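This report goes through helix packing, charged pairs and a surface patch. Please look at the sequence and the structure before reading on.

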Amino acid sequence: FWFHMPAFFLISGYLTKQWSFSKSKLIKFFVPYLCYSIVFYLLFSPEPLYKNIVRTLYGGRLNTLAYSYPYWFINAFALVNLGFGTILSKSLKLSKEITIDYASILFLISYILIHTPLFSILPYPLPMSMDCAFGAYIYYYTGYKLKSVDIMNIKKFWIILIIPVLFIYLNNCLDWNYRINMKDITYNSLLLDLLVPCSFIYLLYVFSLL
């Protein structure tokens, strides 16, 4: 899980526009979610109907059945996407010269929070992937901020292409056994949890251009 789920959120953030929360956008996310849930149950019927209804309404990491894994990131994506445009428009004015936007503050809070054992000690996962949404926000926000970076200029950022190769070599030779798993909220390194996914995604981007 080194980069494919972070890539999903980072690319989504890169392509997003600023907007505020609305009922129509809420429907846009949750109608497909409910449709998927109904089709899933009709095809597989993995448990009694009332249990499946509760599981679907609760959402998030509670869904650990054989074919229910999409639930968690659909929920997390909806929460992050629906709230992102609204929070972008808010800022904290510290003085006449210094203004900090709430989106950046939430980024720092989220990054610190996912690297604490808070979510692992909770008796149950939070509903609708509220816990996973903190990690999702990290990569969504990062993708959004990359809009202001000239990532098309590969000659300028060629050094990033070396990082994935170097990381794989060091991970094997030094037996780091580095792991990251957004669904299980497994984040083990303040540096690598951002560096590794972003460098692999950039490598993927360059391959796509080629």
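Two residues are in contact when they have heavy atoms within 4.5 Å of each other. The model described here is predicted.

## Two packed helices

Packing of two helices is described by the angle between their axes and the distance between the axes. Helix α1 (residues 4-15) packs against helix α9 (residues 192-209) at an angle of about 75 degrees, and the axes are 9 Å apart. Angles of 65 to 115 degrees count as roughly perpendicular, so α1 is roughly perpendicular to α9.

Where do α1 and α9 meet? On the α1 side the residues are P6, A7 and L10, and on the α9 side they are P197, C198 and I201.

## Salt bridges

Side chains of opposite charge can pair when their charged atoms come close. The whole structure holds three salt bridges. In one, R61 pairs with D131, at 2.9 Å from N to O. This pair links distant parts of the chain, 70 residues apart: R61 is in the loop between α3 (49-58) and α4 (70-88), while D131 is in the loop between α6 (118-121) and α7. Both R61 and D131 are buried.

R55 pairs with E47, and their closest N and O atoms are 2.9 Å apart. R55 is buried because its relative accessible area is 16%, and E47 is buried at 12%. For D184 and K183, the closest N and O atoms are 4.0 Å apart. D184 is partly exposed at 39% relative accessibility, whereas K183 is buried at 12%.

## A nonpolar surface patch

W158, I159, I162, L166 and Y169 make a nonpolar surface patch of about 540 Å². W158 lies in the loop between α7 (132-145) and α8 (162-173). With a relative accessibility of 47%, W158 counts as partly exposed.

Note on methods:
Residues are numbered from 1 along each chain as its sequence is written. This is a predicted model: local features need pLDDT of at least 70, side-chain atom pairs count only at pLDDT 80 or more; totals for chains, interfaces and linings use all residues. Side-chain values use heavy atoms; hydrogens and water are left out. Patches are made of residues with over 30% relative accessible area and no salt bridge: like charges are joined within 9 Å, nonpolar side chains (Val, Leu, Ile, Met, Phe, Trp, Tyr) within 5 Å. Accessible areas come from the Shrake-Rupley method with a 1.4 Å probe; for residues, only the protein chains shown count as cover. A salt bridge is a side-chain nitrogen of Lys or Arg within 4 Å of a carboxyl oxygen of Asp or Glu. Helices (H or I, at least four residues) and strands (E, at least two) are DSSP runs, numbered from the N terminus. Buried means under 20% relative accessible area, exposed over 50%, partly exposed in between (1.4 Å probe, protein chains only). Axes are lines fitted to C-alpha atoms, for helices over the stretch in contact, and angles run from 0 to 180 degrees between N-to-C directions. Angles under 35 degrees count as roughly parallel, over 145 as roughly antiparallel, 65 to 115 as roughly perpendicular and the rest as oblique.
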